[in-house]
Protein chains: 2
Amino acid sequence: MKLNTKTRYGIRAMIELAMDWGGKGMFQKEISERQEISYKYLDHIISALKTKGLISNVDGKKSGYRLAKKPEEISVYDIYKAFEPALQIVDCIGEHGECVRAKNCAASDLWCGLNNKIIEHLDSINLSELAKKQQALNQRDEKADMYYI
Amino acid sequence: MKLNTKTRYGIRAMIELAMDWGGKGMFQKEISERQEISYKYLDHIISALKTKGLISNVDGKKSGYRLAKKPEEISVYDIYKAFEPALQIVDCIGEHGECVRAKNCAASDLWCGLNNKIIEHLDSINLSELAKKQQALNQRDEKADMYYI
DNA sequence: TTTTACCCTATAAAACAAATAGGAAAGGTG
DNA sequence: CACCTTTCCTATTTGTTTTATAGGGTAAAA
């Protein structure tokens, strides 16, 4: 099981925007530079986040991107769902489950249980926490740098 | 995030063997037919499970496969690890993490936390539980069939 | 000695991930 | 207005991984 790059980059971009919350807005270029994500690749990521209504540049094209909601109101799972319809670690779960045995399958139950557990966890963490954590890490970093002078 | 087929098939094969625990042993062909897994593909799965010491056919080649340990002593994560060295949903976790930012990255922390949660969950479930559940499901199924006569 | 079951390596086909490329549209600025 | 920047959109490429299948060798039971 691997997390895809879009979701990972998407989270990092969103943390960056969350740290800018209440600020001046951020251009794609700025996010790309700060997070070292290919500018062109970020195109797709921003597009997905925008389509899902998680970010917006409502004050005009050159106003920069902002979170569309409060950081507290955006969970990690919200961001995950910008890149995949839903978390579904196996296909037998959910509507389009092709497996006929799923109704009487202990394995299916197992994966379904894990799936729920992961969703629950991703839903319990919001951008506010992550931004605060990142800010703390950044400060710690700056302090560490000072001692090296 | 998707679970791969080998792990899924591997679990199903192991549940089948767990239900046979204390029994006569099962041939690859038998497992393949019961679980509707391609006989040839099952080759690789059985090979991996055997290499990891989870199953054995110690009483001779034609004795059939058995669990190498008690069902209670084999966790889902043990089986998972037969097909991947370890669960690692992102690469920045662990020894070969290539990401320089990982030490000061809230995102990395996030995925690391999720990773641990998943491992904990997979480690908390053992084959004994799964086999019992599957047996219950099978019986329920047989009963249901009766009513349809 | 024939059959059965396991064991091993190579290869193919398909799907997916990750990124790049090219350019259209639109807004702000000198 | 002309021009630069930024967003927006679609297509294409490249590489990797997944999901098998194929083919044959080995060993032991019947």
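A search of the whole structure finds ten salt bridges over all chains, a salt bridge being a side-chain nitrogen of Lys or Arg within 4 Å of a carboxyl oxygen of Asp or Glu. The model is predicted, so to read it well, note that local features need pLDDT of at least 70 and side-chain atom pairs count only at pLDDT 80 or more, while totals for chains, interfaces and linings use all residues. Residues are numbered from 1 along each chain as its sequence is written, chains are lettered from A and ligands numbered from 1 in the order in which they are written, and side-chain values use heavy atoms, with hydrogens and water left out.

**Between the chains**

- Let's start at the interface: 41 residues of chain A are in contact with 41 residues of chain B, where contact means heavy atoms within 4.5 Å.
- About 3700 Å² is buried between chain A and chain B, with carbon and sulfur atoms giving 62% of that area; buried area is the accessible area (1.4 Å probe) that two parts lose on being put together, summed over both.
- Six salt bridges are counted between chain A and chain B.
- A:Asp91 and B:Lys2 meet through their side chains in a salt bridge, at 3.0 Å from N to O.

**Helix H1 of chain A with helix H5 of chain B**

- The axes of H1(A) (residues 5-19) and H5(B) (residues 106-123) come within 9 Å and cross at roughly 130 degrees; helices (H or I, at least four residues) are DSSP runs numbered from the N terminus.
- Axes here are lines fitted to C-alpha atoms, for helices over the stretch in contact, and angles run from 0 to 180 degrees between N-to-C directions.
- H1(A) and H5(B) are therefore oblique to each other, since angles under 35 degrees count as roughly parallel, over 145 as roughly antiparallel, 65 to 115 as roughly perpendicular and the rest as oblique.
- On the H1(A) side the contact is made by A:Thr7, A:Arg8, A:Ile11, A:Arg12 and A:Ile15, and on the H5(B) side by B:Ala106, B:Ala107, B:Leu110 and B:Trp111.

**Within chain A**

- A:Arg34 forms a salt bridge with A:Glu16, and their closest N and O atoms are 3.5 Å apart.
- This pair links distant parts of the chain, with A:Arg34 in helix H2 (residues 28-35) and A:Glu16 in helix H1, 18 residues apart.

**Within chain B**

- H1(B) (residues 5-19) packs against H3(B) (residues 39-51) at an angle of about 75 degrees, with the axes 10 Å apart, and the two are therefore roughly perpendicular.
- Among the residues making this contact are B:Tyr9 and B:Met14 of H1(B) and B:Tyr41 and B:Leu49 of H3(B).
- H3(B) also packs with H4(B) (residues 76-83), at about 115 degrees and with axes 8 Å apart; these helices are therefore roughly perpendicular to each other.
- In this pair, B:Ile45, B:Ala48 and B:Leu49 of H3(B) meet B:Ile79, B:Ala82 and B:Phe83 of H4(B).
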